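Biologist: I am new to this one. Please show me the structure, and I will ask about the labels.

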Amino acid sequence: MPFNTDDSLVQTVEASIQKDVSLATYNTFGFSYQAEYFAIADSCESLKVLLAWANRSNVNVTMIGGGSNLLISDHIGGLVIINRLQGMQAHEHPNNLICLTVSAGEKWHQVVEHAVEQSWYGIENLALIPGTVGAAPVQNIGAYGVEIKDVLARVQVMDQTSGDVYWINAKDCGFAYRDSHFKGKWKNKLIITSVELMLKKQADLLLSYGGLANRIDGEPTLRKVFDTVCAVRAEKLPNPETLSNAGSFFKNPIVSQEQHNELKKRFSDLVSFAFEDNFKLAAGWLIDQAGWKGKKSKGVGVYDKQALVLVNYTEQSADALLDLETQIKQSILERYGVELEREPVQLPVQSNTAH
Ligand SMILES: Cc1cc2nc3c(=O)[nH]c(=O)nc-3n(C[C@H](O)[C@H](O)[C@H](O)COP(=O)(O)OP(=O)(O)OC[C@H]3O[C@@H](n4cnc5c(N)ncnc54)[C@H](O)[C@@H]3O)c2cc1C
């Protein structure tokens, strides 16, 4: 057995593992599928022992943080671990920087709030994004022109098959738009246990995205940017606690200059942004203009204030949502010749782990 873990600890952890637990309150779509085995990890030690148990029992492991970027569409076999690793430490760094180390189970928004209270700059534009710190690098969370990769120094991981813990530099994590190696080659192999953020003590605000500058009265401050981001998001996005959703359901598609020029000829008010050598199209605009905003189908629908968000009004299963997704994708392909890609991660994972 590759795990260097005390046998008696593995036997003890067995008692804390539950069988056939509903995941309805562990995903913000509220879909009611079950985990075959279920446990909560509240420390690196307990996570390691749970992984050793899964390894010994020859079952797959699925990690869930806040469940706010998930599309669970069936029961999940194997062990589902809920990440609740807690802790946060800051220390001064040269060049007026603060190095903030945060455990993966902390809530991302609370870390942003803490940074703003301490007058540390860098993550204020990422306020009010639901979920845990550990999931934030997985899809390289982003909003208002900032992505977590811009402030991330290192990520601490635990190897799922050996329990080894080590740090990976951010530049080696394959970060891209809503993407990283944690969604690709490291999926089901590495669990994020902690992150190290590099924040600035000197003012450095980014106001050029999403009309932030126009919404702020007078001289912009860190607190005003944070409050404005929270206010704008609360106006545009449904709160998952009152209306089940997983935020943006589709990524903004990236198209070539040529395709962009053709689309611009046909749709003069097309909303798009230059992105590297290509163009990013506002998926919300495409869906809205195709007539989907506010549409309901069975117990699910397209949010009436933001067409990029799909919501679940009443469904226990993901069937109606998957059906709506197919219809929207087809309609966007027919109208614009553009293929939409889903943002939330579908579970259960189809491929096998290393067990
Ligand atoms: C209302 C709303 C608004 C949103 N706005 C934004 C936004 O502006 N920008 C944005 O980028 N996202 C946004 N999101 C999506 C979501 O909040 C983020 O992707 C968030 O980082 C997900 O965190 P989570 O803990 O809920 O992850 P989960 O949904 O639990 O997990 C997501 C994926 O990460 C994996 N994972 C979770 N924890 C770990 C870990 N510790 N180690 C390795 N893998 C792990 C899971 O297995 C899964 O594959 C929004 C969601 C909602 C509901």
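Biologist: Is Glu 325 buried or exposed, and how do you know?

Modeller: Glu 325 has a relative accessible area of 3%. Buried means under 20% relative accessible area, exposed over 50%, and partly exposed in between (1.4 Å probe, protein chains only). So Glu 325 is buried.

Biologist: What should I know about the model itself?

Modeller: This is a predicted model, where local features need pLDDT of at least 70, side-chain atom pairs count only at pLDDT 80 or more, and totals for chains, interfaces and linings use all residues. Residues are numbered from 1 along each chain as its sequence is written, and side-chain values use heavy atoms, with hydrogens and water left out.

Biologist: What makes Glu 325 and Arg 342 a salt bridge?

Modeller: Their side chains meet at 2.7 Å, N to O. A salt bridge is a side-chain nitrogen of Lys or Arg within 4 Å of a carboxyl oxygen of Asp or Glu, so this pair qualifies. The pair links distant parts of the chain, 17 residues apart. Glu 325 sits in helix α8, and Arg 342 in the loop between α8 and β20 (345-347). Helices (H or I, at least four residues) and strands (E, at least two) are DSSP runs, numbered from the N terminus.

Biologist: Why does Arg 342 count as buried?

Modeller: Its relative accessibility is 19%. The cut-off is under 20%, so Arg 342 is buried.

Biologist: Which label does Lys 298 get, buried or exposed?

Modeller: Lys 298 stands at 63% relative accessibility, so it counts as exposed. Its salt-bridge partner is Asp 323, at 3.2 Å, N to O. Asp 323 lies in helix α8 (residues 319-336), and Lys 298 in the loop between β17 (296-297) and β18 (300-302). They are 25 residues apart.

Biologist: Why is Asp 323 called partly exposed?

Modeller: Its relative accessible area is 32%.

Biologist: How many salt bridges does the structure hold?

Modeller: The structure holds 15. One of them joins Lys 293 and Asp 288, at 3.3 Å, N to O. Lys 293 is partly exposed at 35%, and Asp 288 is partly exposed at 27%.

Biologist: What is Thr 193 in contact with, leaving aside its neighbours within four places in sequence?

Modeller: Its contacts (heavy atoms within 4.5 Å) include Cys 44, Leu 85 and Met 158. Thr 193 lies in strand β12 (residues 190-200). Its relative accessible area is 1%, so Thr 193 is buried.
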